[in-house]
Amino acid sequence: MSPADKGHIQPLARNLRQFPELHPPLDSNAALAEANRCLFCFDAPCTAACPTHIDVPRFIKKISTGNLRGSALTILDANILGLSCSRVCPVAVLCEGACVLHRYNQKPIEIGRLQRFAMDRFYEDGAPAGFAAVVSPRTGRVACIGGGPASLACAAELRRQGHRVTIFDNRPLPGGLNTYGVAEYKLRPADSLREVEFVRSLGVEFQHAEVGTLVPIEQLENEYDLIFIGIGLGAMWKLGIPGEDLPGVIDALRFIERYKTAEDFTVNGRVVVIGGGNTAIDAANAARRLGAREVHLVYRRTERQMPAFSFEYHHSKVEGVRFHWLAQPVEIVAADGRVAGVKFIETRLAGSDSGGRPEVIPVAGSYFELPCDLVIPALGQSRFLGSLCESRGIRLNGRSIAVDRPTGETSNPRYYAGGDCVNGGREVVDAVADGRRAALAMTLRMEPKPEAVHG
Amino acid sequence: MADLNTVFAGAIRTPNPFWLASGPPTNSGEQVMRAFDAGWGGAVWKTIGEPIVNTSSRYSSVDWNGQRMMGLNNIELISDRPIEVNLREIAEVKKRYPRHAVIASLMVESTREAWHDIVKRTEDAGADGLELNFGCPHGMSERGMGAAVGQVPEYSCMITEWVKEVARTPVLVKLTPNVTDIRAVARAARRGGADGLSAINTINSITGIDLDTFTPRPNVGGSSAHGGYCGPAVKPIALHLVQQIASDPEVGLPISGIGGIAGWREAAEFILLGATTLQVCTAAMHYGYRIVEDMADGLSHWMDGKGFRSIADFRGLSLTRITEWKHLNLNYQIVARINRETCIGCDLCYVACWDGAHQCIHLDGEGAKGALPAAMEAASRARISTTPIATLDASRALDGRTPPERIPRVDEAECVGCNLCWLVCPVEGCITMAEVGAGRPSQSWDERTAAGG
Ligand SMILES: Cc1cc2nc3c(=O)[nH]c(=O)nc-3n(C[C@H](O)[C@H](O)[C@H](O)COP(=O)(O)O)c2cc1C
Ligand code: SF4
Ligand code: SF4
């Protein structure tokens with residue numbers, strides 16, 4: 001049974017209602033007008049800014065000439081997950097941020113929405129079926145560990161280069177964070193899975209199995225020429241304070257996954273979100289939309305150090321999330337065996353911003369309590385690379401896998417890696433770029449060595 | 001305040017030079033009266049003759065870069081209403097709008113009697129002038145009228161003579177552009193006694209083809225026929241043809257300029273090349289009669305700014321500045337200069353110069369000669385870029401200035417001053433074409449060959 005047959009692919013009615021799309025699609029007239037605004041820059045800065053280097057003006061020009069299939073293929077050629085990227089990319093700091101029209105006192109071209117327009121048409125037309133799967137047949141065999149964007153992009157490119165690829169994913173549905181972790185008003189699981197099906201249609205095989213337990217790593221090494229690690233990050237960090245395991249405490253990623261997949265999941269009363277990143281904000285906004293009366297986001301530094309994009313922060317304020325700075329939790333308070341509130345201590349910042357972020361110092365005796373019904377810690381994700389990397393002699397760089405950036409090659413030449421487990425947690429598009437670069441490098445590696453020419 | 005009152009051919013008075021051209025906007029008295037209310041100074045009635053039957057559909061257009069109707073094509077014939085109805089309505093309009101100009105456009109079969117008859121009846125109805133439609137390029141020409149007359153100087157001369165035998169009001173001949181030399185017909189009209197010329201009528205065209213059915217547009221039950229092209233796209237052609245007849249000493253007739261006029265700027269251009277009045281069809285079909293307000297307003301403000309008190313003050317001023325190529329000064333030299341403050345770094349000038357001109361714009365800062373375009377693109381595609389991490393990477397955020405490496409440099413020693421970069425630059429005033437080596441004596445091709453150089 002393919003994931004498409006499972007009930008999950010049907011969007012949840014509640015989510016369709018509570019999470020209308022943040023950036024609704026353009027209709028064809030609006031897309032045409034917008035496409036015609038593009039200047040068709042030479043060596044366009046939007047293309048350079050895109051981690052996957054989609055040829056932006058070329059795909060936009062094709063929209064303006066009515067060549068929608070050509071437009072979609074231009075996008076997919078550089079970025080096989082063009083559909084999800086068109087929805088989740090922080091375009092304001094990528095392509096649209098680089099658009100020259102900013103300096104002409106005009107709005108930048110709405111590149112993200114134009115890309116979405118082309119991709120939506122491509123999928124609506126059932127066009128994936130006609131996508132040229134294999135550019136040239138080859139004989140390599142590659143295993144990709146993890147079923148998220150990095151592996152999908154790597155596998156798709158390897159297929160197009162003619163190799164055989166299998167993706168091993170320990171989750172019931174592939175797609176990684178695209179399926180389970182992106183805010184519902186940006187990307188629905190159904191769209192993520194449409195892309196997974198597209199990658200499958202290129203001839204990529206999927207196995208629902210955990211590598212290291214169900215499938216021993218030695219087996220992969222025996223059966224495959226090269227192995228790509230795209231396992232993303234692990235569970236979210238724990239707060240490490242008393243009361244953390246009480247009912248009513250759920251970390252941001254699990255919270256997002258729950259509401260995206262469970263129709264009966266509801267939120268009431270007061271919610272406290274702890275953390276200042278994009279995921280904290282996604283969770284806080286979702287809590288509002290799911291029915292929370294009040295949502296308080298508490299961050300131990302200030303607005304200036306918050307590791308979220310400023311447009312996410314501003315959006316969250318519009319959603320009605322209240323922000324509190326300079327406080328960190330010391331205890332989750334219980335009543336009747338459930339969460340009743342969070343006890344915080346105020347903090348101050350020490351040291352300058354030069355180089356790193358300022359140090360957080362608790363202010364002695366400055367305790368206060370925020371009563372609440374639900375606590376959502378959002379402290380970032382840990383990494384579970386230890387044993388795999390150690391046993392295979394793969395060098396780490398801090399807590400990430402160390403790679404050669406242009407190729408994704410690790411210190412063990414049979415292993416390549418990309419995505420969050422390498423970059424520490426960036427965007428979907430960064431993972432796609434990593435995966436594709438690795439696939440091209442692996443293709444070169446697997447090329448039969450030309451005979452030495454004598455004479 | 002500029003005075004827009006105009007007199008055409010000594011006898012047709014009009015409160016401003018803006019007339020509606022013969023076509024759908026002047027099909028009936030009701031329309032013409034609303035047009036006069038909106039500010040039009042005159043109207044050339046939709047061509048009157050034995051009523052015809054039109055096809056459905058009749059129009060097709062060329063859209064460009066999201067703009068509708070850059071050019072319009074039609075296969076419509078002359079008026080489909082009885083002659084007496086048109087004449088009755090002309091009389092009615094003249095009675096109610098005595099200060100506005102009503103010119104009757106006429107087309108009948110090529111016999112002396114037919115022309116005598118229609119001229120007399122039209123003038124009796126009160127028309128201020130007559131326009132002989134020798135221009136309609138489709139349909140009517142198959143029946144020996146319209147362009148079939150306008151393409152043969154002798155016929156044009158002969159029919160103009162017939163008309164002049166009885167006409168009491170000024171007679172304008174409307175010229176077709178579908179000839180190799182428009183001056184031949186213009187001179188013939190002059191010989192026949194015409195008092196003025198209208199130019200141009202529409203240009204033979206096929207606007208496009210439906211790529212699903214393979215039927216050219218407009219589609220009439222699965223077939224099409226060539227039509228006449230007009231609208232903004234034809235202005236340059238019309239300006240040239242107006243200049244041709246305005247500069248020809250053997251023509252010497254007042255001109256009503258037509259073709260792609262949609263605003264006061266085009267109006268000023270036609271007048272600078274010798275037109276006395278202006279006629280508009282497509283722009284009124286596109287946006288309605290209301291466009292005349294800005295035509296008059298904009299022209300007056302421009303005239304005030306230049307110190308022109310009347311249309312006559314600047315009519316034909318640009319004619320002396322059009323010469324033959326062989327008289328142009330070969331020692332005049334300009335080069336492109338880029339304003340680094342306003343450049344947005346689109347690098348369109350760079351690729352245009354490399355692929356379409358003289359390879360003298362470089363993207364190398366002030367350093368060595370630049371790489372070829374393909375190498376430049378390949379280099380930036382090979383660069384690894386990542387999404388900035390919020391706050392940590394904030395320093396990377398663009399500060400709203402163009403990255404210096406994207407601002408092109410013109411190699412002035414190699415620049416031939418062709419204008420291409422200046423034409424493609426999307427930022428008004430960012431590239432200027434500056435004169436260099438001023439003061440060198442002027443020398444034309446003619447002079448150079450005469451000097452044996
Ligand atoms: C639909 C249509 C019908 C026309 N009918 C006539 C006509 O009956 N007699 C005529 O002399 N010119 C006719 N013309 C030509 C216009 O008077 C005018 O010469 C031409 O459209 C160029 O002007 P423009 O660019 O402002 O449209 C017609 C043009 C159009 C678009
Ligand atoms: S920078 Fe803007 S205008 Fe230039 S090509 Fe990209 S989208 Fe178009
Ligand atoms: S075309 Fe104009 S704005 Fe664009 S790079 Fe050249 S000078 Fe700058």
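Predicted model: local features only at pLDDT ≥ 70, side-chain atom pairs only at ≥ 80, totals over all residues.
Two side chains join in. B:K174 puts a polar side-chain atom 2.7 Å from an oxygen atom of ligand 1. On the nitrogen side, a nitrogen atom of the ligand is 2.9 Å from a side-chain N or O atom of B:T47.

On its own, ligand 1 has 610 Å² of accessible area, and the protein covers 99% of it. As for where it goes, ligand 1 sits in the largest cavity.

## Who makes up the shell

There are 23 residues around ligand 1, and the ones that come nearest are B:T47, B:K174, B:G231, B:G260 and B:T282.

Sorted by class, the shell comes out as 11 polar, nine nonpolar and three charged residues. In terms of secondary structure, strand β6 (67-74) and helix α9 (282-287) of chain B each supply at least two of the shell residues.

## The wider chain

Zooming out, chain B splits into two parts: domain 1 covers 6-321, while domain 2 is made of 325-372 + 402-450. Taken over C-alpha atoms, the centres of these two domains of chain B are 41 Å apart.

Notes
Residues numbered from 1 in each chain as written. Chains lettered and ligands numbered in written order. Heavy atoms only, no water. Near = heavy atom within 4 Å. Polar contact = N/O pair within 3.5 Å; in protein donor to acceptor, adjacent residues only side chain to side chain. Areas by Shrake-Rupley, 256 points an atom, 1.4 Å probe, with all protein chains shown as cover. 1 Å grid on protein atoms, 1.4 Å probe; cavity = no way out; pocket = protein on both sides within 12 Å on 5 of 7 lines; lining within 4 Å. Sits in = over half its atoms within 2 Å of the grid points. Helix = DSSP H or I, 4+ residues; strand = E, 2+ residues; numbered from the N terminus. Nonpolar A, V, L, I, M, F, W, Y, C, P; charged D, E, K, R; others polar. Domains from an automatic or database assignment.
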